[in-house]
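Dear colleague,

Please find below the structure that I am handing over to you. My notes on it follow directly after.

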Amino acid sequence: MAKTKIAFFCKECGFESNKWLGKCPACNQWDTFAEAPRAAKKVSKGVGVSSSFTNNEPLELSKVSMTENERLKTGMREFDRVLGGGIVKGSLVLVGGDPGIGKSTLLLQICKLLTDQEVKVLYISGEESLHQIKMRAERIGKFKGELLLYSETNLDIIEEAIHKVKPAVLIIDSIQTMFKEDVSAAPGSVSQVRESTAVFLKFAKTFGISTFIVGHVTKEGMVAGPRVLEHMVDTVLYFEGDSGAAYRMLRGVKNRFGSTNEIGVFEMRQNGLAEVKNPSEYMLQGKPKGQSGSVVCCSMEGTRPILIETQALICRTNFNMPRRTSAGTDYNRVNLLMAVMEKRLGISMAECDAYVNVAGGMKVTEPALDLAIIAAVLSSYRNLVIDDGMIIFGEVGLTGEVRAVSMAEQRVLEAEKMGYETCIMPAVNCKSMKTSHMKLIGITNIKEIINYIK
Ligand code: TYD
Ligand code: MG
């Protein structure tokens, strides 16, 4: 009698081994190996792009017929843009994000927009009952078209349903709840997630069903289950945001049909997610006027410039060790910049607590924020106000030099659009700038910034 073969998988990267290992040789993580039967091999046979798209023979590139990328526009511009201009027919998209961030809400809204256009959509939920989905749908608004709902986790039953319905768009919420009976591991385990994705991949490619798969994110910020999942799908989107703030960002991290530089900005409201058409305006809401320690910087999120307010508070410390805190930006970077200021500007902040904050709940780790942090710290330290019509950006090096940043032109244009008049920026970028009604001030060293904070 044939013995069922047992294999071990790394839960983080999907590395496969015949025996249990304490440390994964592929991703160097400890204690990540889990046992899973290897029986599923036969199931995944023939699954994949090769079986359905090619004719098993090498073909010259010029002879490959060009089928037009059929894209389905949802009408939610932020969403379409992140996908690269709409939903590609037969694409497999993974939507990852923290629990409660709004993945189900986003996809249900997409369902509404699609069914309103009379697209056939099947929404399969393994997490919520039909009643719960109905309640959410009520909040979002009135559905004009008919959406097909199915609350099921057994893949064999789901496969039948998909065959019967043949939807144009399929939503799976979430992949961690799906299970195949002949794989004896628990739902959410490496082998189950892998096999379920393979099934949906087959459907997407053979029948041209555009599929969205919801995936949960682990504490480390990766989609739970193996990384294999990310390799199998065409597009990976992450839905992220601060649990305290209402804004949400949809970010593409892999896209076979478009750029990964796009982001979509949303706001969570009472009746679902609303698109934020002007993120800069949204981020600058409530910015104080005429206060020290506050400055506007232009940061790039992918190819999108967003104006953000950077704040600093410098005050005398009551302890032996001064406190340094940073919110929304890198703590070590703030310490480094303050050290540069002490050495190059000759100001001593050894007896000061320093708090740096990027307002609005956004996380910015871009070096272009350096100069704004320095300006904000200096402004708070000296108690001097930075002009409200001014924006500041630039990277700062250890000798206090101001270095060039990428996409300076877009940043300046965005500031101009938002009505700013002056821009302090790296001199290198300033030289190559052609058209602008703004007053551009190029600086080469942080010493020069003192002249503009009066
Ligand atoms: P949900 O889509 O269930 O998150 P996920 O599927 O990513 O786990 O979103 C749940 C959160 O969104 C919940 O905390 C309530 C909030 N929410 C709103 O604020 N407004 C709404 O209209 C809806 C539907 C949800
Ligand atoms: Mg959900």
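**The largest cavity**

The lining of the largest cavity comprises 5 nonpolar, 4 polar and no charged residues. Here Ala, Val, Leu, Ile, Met, Phe, Trp, Tyr, Cys and Pro count as nonpolar, Asp, Glu, Lys and Arg as charged, and the others, Gly among them, as polar. These lining residues are L83, G86, I87, V88, S91, V93, T235, N255 and F257. The volume of this cavity is about 30 Å³, and the whole structure has 1 cavity of 30 Å³ or more.

On a 1 Å grid over the protein atoms alone, a cavity is a set of points where a 1.4 Å probe fits but cannot get out; a pocket is an open set with protein on both sides within 12 Å along at least five of seven lines, and lining residues have an atom within 4 Å of a point. Grid points are joined across faces, edges and corners, and a volume is the space filled by probe spheres set on the points.

This is a predicted model, in which local features need pLDDT of at least 70 and side-chain atom pairs count only at pLDDT 80 or more, while totals for chains, interfaces and linings use all residues. Residues are numbered from 1 along each chain as its sequence is written, chains are lettered from A and ligands numbered from 1 in the order in which they are written, and side-chain values use heavy atoms, with hydrogens and water left out.

**The second largest pocket**

The second largest pocket has a volume of about 310 Å³. Its lining holds 20 residues, and G102, S104, T105, R136 and M268 lie nearest its centre. The lining divides into 5 nonpolar, 8 polar and 7 charged residues.

**Ligand 1**

There are 15 residues around ligand 1 (a heavy atom within 4 Å), of which G100, S104, T105, R269 and G272 come nearest. Oxygen atoms of ligand 1 take part in polar contacts (pairs of N or O atoms within 3.5 Å; within protein, one must be able to donate a hydrogen and the other to accept it, and residues adjacent in sequence count only if both atoms are side-chain atoms). A polar side-chain atom of S104 lies at 2.6 Å, an N or O atom in the side chain of R136 at 2.7 Å, and a backbone N or O atom of Q270 at 2.8 Å.

**S125**

The side chain of S125 reaches the backbone nitrogen of E127 at 3.3 Å.

Yours sincerely
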